[in-house]
Amino acid sequence: MVELPAIALSVRQPWAWAILHAGKDIENRSAYSVKAGGMVCGPIAVHAASGMTRKEYDWAVWRMAQDGVSVPPPADLPRAAILGVVEVIDFVTSSDSPWFGGPVGLCLRNPVACDPIPAKGARGYFAWSPDAAGLAAPMPWMRRWGGAEGGLFGDLPAGFAQAPAKPFGRRHPRRVDK
């Protein structure tokens with residue numbers, strides 16, 4: 001049995017899965033979220049957030065495929081749950097890790113997965129507790145992904161002729177007054 005810290009960090013799927021199973025050694029956050037979230041070095045529980053859009057998932061699948069990582073189908077990724085523990089060992093503003101995207105990277109090591117424990121998430125570091133409501137149910141697109149709408153072979157994930165658009169980053173274009 002894995003000893004889970006009382007403090008957790010919520011990470012959207014499939015990135016939470018990548019921390020525990022694919023060698024993702026950096027979790028990217030803004031400087032504000034690190035400071036406001038009370039983030040410090042030490043062990044934390046890895047919480048998979050309840051949200052995951054198709055655009056986020058498609059981009060993550062494409063991105064991880066560049067490093068030879070094959071992501072489980074979206075319906076197989078637990079959400080709204082504690083999935084394991086990892087140790088935060090440093091905070092950096094640059095890194096050679098392929099997982100670094102800045103502006104601040106939480107450097108991670110020693111990931112250990114556990115059976116999913118349903119839990120509600122929150123921003124920043126948060127004290128978690130089991131939630132009787134259970135795991136988030138797969139959305140319809142998650143059950144269909146990789147099937148008929150994913151390509152010729154229903155049991156294979158969709159391929160991408162080109163990179164899907166990044167689903168994150170600047171949400172509102174900066175206004176420029178002339």
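# A chat about side chains in a predicted model

User: Which backbone oxygen lies 2.8 Å from a polar atom of the side chain of glutamine 13?

Analyst: That is the backbone oxygen of proline 78, which lies 2.8 Å from a polar atom of the glutamine 13 side chain; please keep in mind throughout that this is a predicted model.

User: What else does the side chain of glutamine 13 reach?

Analyst: The glutamine 13 side chain also reaches the backbone nitrogen of tryptophan 17, at 3.0 Å.

User: Where is glutamine 13, and is it buried or exposed?

Analyst: Glutamine 13 has its place in the loop between strand S1 (7-11) and H1, and glutamine 13 is buried, because its relative accessible area is 1%, under the 20% cut-off. Leaving aside neighbours within four places in sequence, glutamine 13 is in contact with Ala48, Met52, Leu77, Pro78, Arg79 and Leu83.

User: Switching to rings, how many aromatic pairs are there?

Analyst: The count comes to five aromatic pairs. One of them joins tryptophan 15 and tryptophan 59, a tilted pair with 6.3 Å from centre to centre and 55° between the planes. This pair links distant parts of the chain, since tryptophan 15 belongs to helix H1 (residues 15-21) and tryptophan 59 to helix H3 (residues 54-65), 44 residues apart.

User: Why do tryptophan 15 and tryptophan 59 count as buried?

Analyst: Tryptophan 15 counts as buried because its relative accessible area is 17%, and tryptophan 59 does so because its relative accessibility is 10%; the cut-off for buried is under 20%.

User: And why is the pair of tryptophan 15 and tryptophan 99 edge-to-face?

Analyst: The ring centres of tryptophan 15 and tryptophan 99 are 6.3 Å apart and their planes stand at 85°, so the pair is edge-to-face, given that angles over 60 degrees count that way. Here too distant parts of the chain are linked, with tryptophan 15 in helix H1 and tryptophan 99 in the loop between strand S4 (81-92) and strand S5 (104-118), 84 residues apart. Tryptophan 99 is buried, as is tryptophan 15.

User: Which residues do the ring pairs link into a cluster?

Analyst: The cluster linked by ring pairs is made of Trp15, Trp59, Trp62 and Trp99.

User: New topic: how many salt bridges does the structure hold?

Analyst: The structure holds six salt bridges. Among them, the side chains of lysine 24 and glutamate 27 meet with 2.8 Å from N to O, and arginine 29 forms a salt bridge with glutamate 27 whose closest N and O atoms are 3.1 Å apart.

User: Where do arginine 109 and glutamate 87 lie?

Analyst: Their side chains meet in a salt bridge of 3.1 Å, N to O. Arginine 109 lies in strand S5 and glutamate 87 in strand S4, so the pair ties together parts that are 22 residues apart in sequence. Arginine 109 counts as partly exposed at 41% relative accessibility, and glutamate 87 is also partly exposed, with a relative accessible area of 24%. Elsewhere, salt bridges that share partners join Lys24, Glu27 and Arg29 into one network.

User: Last one: what does valine 85 touch?

Analyst: Not counting residues up to four places away in sequence, valine 85 touches Val2, Glu3, Leu4, Pro5, Leu20, Pro43, Ile44, Ala45, Val46, Asn110, Pro111 and Val112. Valine 85 is found in strand S4 and counts as buried at 11% relative accessibility. The C-alpha atoms of valine 85 and proline 5 are separated by 7.3 Å, although these residues are 80 residues apart along the chain.

Conventions:
Residues are numbered from 1 along each chain as its sequence is written. This is a predicted model: local features need pLDDT of at least 70, side-chain atom pairs count only at pLDDT 80 or more; totals for chains, interfaces and linings use all residues. Side-chain values use heavy atoms; hydrogens and water are left out. Rings of Phe, Tyr and Trp (its six-membered ring) pair if their centres lie within 6.5 Å; planes under 30 degrees apart count as stacked, over 60 as edge-to-face and the rest as tilted. Helices (H or I, at least four residues) and strands (E, at least two) are DSSP runs, numbered from the N terminus. Buried means under 20% relative accessible area, exposed over 50%, partly exposed in between (1.4 Å probe, protein chains only). A salt bridge is a side-chain nitrogen of Lys or Arg within 4 Å of a carboxyl oxygen of Asp or Glu. Contact means heavy atoms within 4.5 Å. A polar contact is a pair of N or O atoms within 3.5 Å; within protein, one must be able to donate a hydrogen and the other to accept it, and residues adjacent in sequence count only if both atoms are side-chain atoms.
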